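Here is a short note for a colleague opening this model for the first time. Please read the points with the structure in view.

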Amino acid sequence: MSYNINVDKKENKLNSVEILKLEKDGLDIIETILNKYSKVGYYSITKDDMDRFKWAGVYQQRPRDGHFMLRVRNTGILNLEQVRTLAKISKDYGRGLINITTRGAIQFHWICVENLPDIFNRLKEVSLSSVEACGDCTRTIVGNPLAGIDKDELMDTTELINSLNEFFLFNRDFSNFPRKFKISISSNIFNAAHAEINDLSFTPAVKNINGVEKIGFHLWVGGGLSTTPHLAKKLSIFALPEDVLKVAIGVATIFRDYGYREKRNRARLKFLIEDWGVDKFQEKLLEIIGDMQSLGEDRLVNWNAAYFYGVHKQKQLDKNYIGLNVPFGELNSDDFFELAKICEKYGDSNIRTTLSQNLIISGVGSEHLPSILNEPIFKSFSPDPSSFIGHSVACTGKEFCNFAIVETKKIATDVCSYLDKCYLDKTIELDSPIRIHFTGCPNACGQKQIGDINLQGALIKTEDGLVEAFDIFLGGTLGLNAKFSEALNCRVKSSDVAQTLKTLILFYKRNRDIEETFNQFVNRVGVESFKENI
């Protein structure tokens, strides 16, 4: 392993986090937690080691009073034993709260350091881990939540994702990137794994090789959100399934050895690719992994924004999956236990997580559909949710997050409930959903760049002092016409958000062309037209 960071250090160019990582690998914190901090408690944790807790998948939650958020890696499909283990951890140590993230991971709050050894052990027993769910390492690898059952996938990518996860997890050759490294891999034609916003993505493609049509992938690199978003760029490479691991190792090697370690805000892979250009990056990649096939034919059709509501046929005969809405990704341990019971009774004993913070129950026999749809829990987690709550995303917000400026999930619930009431009384009529994203700060965990309407937490000065507010962005989408949302340059008090969004939506309804979606309308008329009508 040969890092360029040694040269940087001589020239005093390393940032403080890089120096910290040179002193002790992030993965070393696991043993330190087990053998020291879990025994002597929260107030014994040094500042440097608190930063290293990220490699254990653990962050201090707000307020910094001894409690932690813990994130569990999840490849998208949870079996019955895993679901029940997660529910029990939440009930025993997390005050019963469970959150689904926008990478389909499971997140707990209210965790104490004394309980981490037991939590780690319980996760290990069911082949789960929180290790490297945070930190400058390979994060949760996302894929098609319908892998293996999807009529719209070219191949089942489950084993490919598992092989990548097994290779990178606990791998000290790749535990010290300049920043986080995010991978997505999906063969779903509707871009279920959000290819354009990952550091490395594999999307479905085919190529005629020696007279035989082969299923494989096209490669995308350098995507990412946060304060400086970049859409991933496509390489001129076709990768067969057996090439996936070596490609991922090659891209990870470039990022590790050539990525920027001087400034944290310029350290993601997207900045290296921006400076190098795609051609130089591809040349370096091929130098590492050897020659590859040139481009084949794309099989991406569009983007479904990772929504799968309702009952749908699987590729298995007489089997169905049911997409459920989990409002803003939040449920409790009792809900998870109940869903596990339902999956065991009616389905294939799997629960699948989506990047829209929702759940899927799979393997339901057609004969069981009337019974399962009458289960009382589906009143809370509906397969046919109200339009706005059903198509909105919210990050953790300042209830738990130390970076967030505002509360998110409560305001999201209030705003979407108001808009849904307007929908029911026909004040607002829609024939296609409008996706609303709420994020508590510029870091964009709520993915403010890809929603139709996006709200980013801010503060506004009033006669009574600073109050919570949101900046508004419009017109984001992924897929064939991917583009990030544009700022409306309008800051609105939290208390006024619902009415302001209603005004924006009614302007769209009055002036749109027939069957024109909200996003298409924004692109046609421009964001300034909306501002003039607030």
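1. **Salt bridges: the rule and a network.** A salt bridge here is a side-chain nitrogen of Lys or Arg within 4 Å of a carboxyl oxygen of Asp or Glu. Keep in mind that the model is predicted. By this rule, Glu18, Lys21, Asp136, Arg261 and Arg264 are linked in a network of salt bridges. The total count of salt bridges is 35.

2. **Arg52 and Glu23.** The side chains of Arg52 and Glu23 form a salt bridge, at 4.0 Å from N to O. This pair links distant parts of the chain. Arg52 sits in helix H4 (residues 47-52), and Glu23 in helix H2 (residues 16-23). They are 29 residues apart. Glu23 is exposed, at 55%.

3. **Lys88 and Asp92.** Here the closest N and O atoms of the salt bridge are 2.7 Å apart. Both residues belong to helix H5 (residues 80-93). They are four residues apart, so about one helical turn separates them. Lys88 is partly exposed, with a relative accessible area of 38%. Asp92 is partly exposed too, at 34%.

4. **Arg435 and Asp452.** This salt bridge has its closest N and O atoms 3.3 Å apart. Arg435 lies in the loop between helix H13 (409-424) and strand S18 (436-439), and Asp452 in the loop between S18 and S19, so the pair ties together parts that are 17 residues apart in sequence. Arg435 is buried, at 9% relative accessibility. Asp452 is buried as well, with a relative accessible area of 4%. Arg435 returns in point 7, in the lining of a cavity.

5. **The second largest pocket.** How much space lies in this pocket? The volume is about 720 Å³. The lining has 32 residues, and those closest to the pocket centre are Ser127, Leu128, Ser129, Asn165 and Leu169. Several elements each supply at least two lining residues: helix H3 (29-40), strand S3 (77-79), helix H6 (116-125) and helix H7 (158-168). By type, the lining divides into 14 nonpolar, 14 polar and four charged residues.

6. **The largest cavity.** The structure holds three cavities of 30 Å³ or more. The largest cavity holds about 60 Å³ of space. Its lining includes Asn74, Thr75 and Gly76, then Arg103 and Gly104. Ile141, Val142, Gly143, Asn144 and Pro145 also line this cavity, as do Thr353 and Leu355. Four of the lining residues are nonpolar, seven polar and one charged.

7. **The second largest cavity.** This cavity has a volume of about 50 Å³. Among the residues that line it are His194, Trp303, Ala305, Tyr307, Leu355 and Ser356. Val393, Arg435, His437, Gln447 and Ile450 line it too. The lining divides into six nonpolar, four polar and one charged.

8. **Ala192.** Where is Ala192 placed? It lies in the loop between strand S7 (183-185) and strand S8 (200-209). Ala192 is buried, with a relative accessible area of 0%. Leaving aside neighbours within four places in sequence, Ala192 is in contact with Gly143, Asn144, Pro145, Ser186, Asn304, Ala306, Phe308 and Leu355. Ala147 is 45 residues from Ala192 along the chain, and their C-alpha atoms are separated by 10 Å.

9. **Helix H15.** Which residues of helix H15 (residues 518-525) are buried? They are Phe518, Asn519, Phe521 and Val522. Seen down the axis of H15, these buried residues fall within an arc of 160 degrees, so they line one face of the helix. What covers them includes strand S19 (453-462), strand S20 (465-474), helix H14 (497-511) and helix H16 (527-531). Just after H15, Gly526 takes a positive phi of about 85 degrees.

Note on methods
Residues numbered from 1 in each chain as written. Predicted model: local features only at pLDDT ≥ 70, side-chain atom pairs only at ≥ 80, totals over all residues. Heavy atoms only, no water. Buried < 20%, exposed > 50% of the residue type's maximum accessible area, 1.4 Å probe, protein only. Arc of directions from axis to C-beta. Contact = heavy atoms within 4.5 Å. 1 Å grid on protein atoms, 1.4 Å probe; cavity = no way out; pocket = protein on both sides within 12 Å on 5 of 7 lines; lining within 4 Å. Points joined across faces, edges and corners; volume = space filled by probe spheres on them. Nonpolar A, V, L, I, M, F, W, Y, C, P; charged D, E, K, R; others polar.
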